[in-house]
Amino acid sequence: MKSMSSSCFIAPICLLCAILLGGSLSHGQLSSTFYDETCPNVSSIVRGIIEEALLTDTRIGGSLIRLHFHDCFVNGCDASILLNNSATIESEKEAPPNINSARGFGVVDDIKTALESACSATVSCADILAVAAEESVSLAGGPSWTVLFGRRDSTTANRTAAGVFLPAPTVSLEILKSMFNTVGLNTTDLVSLSGAHTFGRAQCSTFNGRLYNFSGSGNPDPTLNTTYLGTLQGICPQGGDATVVTNLDLTTPNVFDNDYYSNLQVQEGLLQTDQELFSTTGDETVDIVNNFVSNQTAFFEAFVVSMIKMGNISPLTGTEGEIRLNCALVNDNSSSDGLLYSSI
């Protein structure tokens, strides 16, 4: 993810922000029973595909929940992130926050193929991303929740908005809060959703600015534990391969638990945006982090609430959009650039 200027939140620019987001942030009418008659096994089918993927890719859960996040923050939860380049579409996959970073598209393809076999032209790709996020968390030992369905798929993408509204790992806490507020999420949502970093990986490029020359100081980030700093410098040497990955949670990297927050208390948050949740003295985020450390159930409950809220950001419903037959392509469009399909 790339950085953005705080100027995006100066009043005149917010008009542009609203335009890029498609205007309204109103919530559509979603339902837990949407597929009860037309595709009753949707969740179990998705879970089975993810279970199979986990056998060879332990980080896929984190990748899938990130796809849902990166989808919903750009024009709402409409599966626009899955669309390939075409004559009329500039794929969000090539936006700075996603290129060579967003992954899991092949598993989404596998899920879509299985669902088309079971109940053709019924389950949207946007709903696939929502239920895949829930199943990924559940399979990693985290909470389960009732996913609301009924989203439809966009016929357009917005690469420009993806470059503006997806938070970079280097932005300040103030900007991060503003970016979440833009899509109707509050500070508790910010802290709880950040807990998704309890599993998954991150590339050196997302945090190496903390290791050697933080904010142009010539020194490492002072909020980074010195022992952890040495470990990270070994993984990401100065001038080394910026695409090398390491665990977001160094203690239980494949388990969905509250250790992410415990790490912040001892200055072992990997990303700047992680550590700032605890190291920004006097901010309300500190108390939320402390609460989640002492009470994992409180974290799980808050996370579920925030995931449902995020999954309800400006969905297309009713007759809006379409149900894509191939998540990478708008229906009846065979001119898309296939190189992006499942390639990451």
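1. Let's start with a term: a disulfide is a pair of cysteine sulfur atoms within 2.5 Å. By that rule, a search of the whole structure turns up 4 disulfides. Counting bonded cysteines along the chain, their pattern is 1-4, 2-3, 5-8, 6-7.

2. A word on what you're looking at: this is a predicted model, where local features need pLDDT of at least 70, side-chain atom pairs count only at pLDDT 80 or more, and totals for chains, interfaces and linings use all residues. Residues are numbered from 1 along each chain as its sequence is written, and side-chain values use heavy atoms, with hydrogens and water left out.

3. For the overall layout, the chain has 13 helices and 2 strands (DSSP runs numbered from the N terminus: helices are H or I with at least four residues, strands are E with at least two). Of its 344 residues, 54% count as buried (buried means under 20% relative accessible area, exposed over 50%, partly exposed in between, with a 1.4 Å probe and protein chains only). Take the contacts (heavy atoms within 4.5 Å) between residues at least 6 apart in sequence: 77% of them join residues at least 24 apart.

4. Now the disulfide of cysteine 39 and cysteine 119, whose sulfur atoms sit 1.9 Å apart. Cysteine 39 is in the loop between helix 1 (11-20) and helix 2 (42-54), and cysteine 119 is in the loop between helix 4 (105-118) and helix 5 (125-139), so the bond ties together parts 80 residues apart in sequence. Cysteine 39 is buried at 3% relative accessible area, and cysteine 119 is buried too, at 7%.

5. Next comes the pair of cysteine 125 and cysteine 327, with 2.1 Å between the sulfur atoms. This link is left-handed, with -95° about the S-S bond. Cysteine 125 belongs to helix 5 and cysteine 327 to the segment after helix 13 (296-310), so parts 202 residues apart in sequence are tied together. Both cysteine 125 and cysteine 327 are buried.

6. Cysteine 204 and cysteine 236 also form a disulfide, sulfur to sulfur 1.9 Å, and the link is left-handed at -75° about the S-S bond. The two ends are 32 residues apart: cysteine 204 is in the loop between strand 1 (201-203) and helix 9 (226-235), cysteine 236 in the loop between helix 9 and strand 2 (245-247). Cysteine 204 and cysteine 236 are both buried.

7. On to the nonpolar cores (sets of buried Ala, Val, Leu, Ile, Met, Phe, Trp, Tyr and Cys residues joined through side-chain atoms within 4.5 Å). The largest has 78 residues, and those with the most contacts inside it are Leu82, Ile111, Leu115, Phe303 and Met310. Helix 5 gives the most to this core, with 9 residues. A second, separate core of 13 residues includes Ala202, Leu224, Tyr228 and Cys236. As for methionine 310, its contacts beyond four places in sequence include His68, Phe69 and Leu193.

8. Aspartate 274 is buried but has no salt bridge, and the nearest side chain of opposite charge, arginine 210, is 6.7 Å away. (A salt bridge needs a side-chain nitrogen of Lys or Arg within 4 Å of a carboxyl oxygen of Asp or Glu; Lys and Arg count as positive, Asp and Glu as negative, while His and the chain ends are not counted.) What aspartate 274 does have is a polar contact of 2.9 Å to the side chain of histidine 197, made through its own side chain (a pair of N or O atoms within 3.5 Å; within protein, one must be able to donate a hydrogen and the other to accept it, and residues adjacent in sequence count only if both atoms are side-chain atoms).
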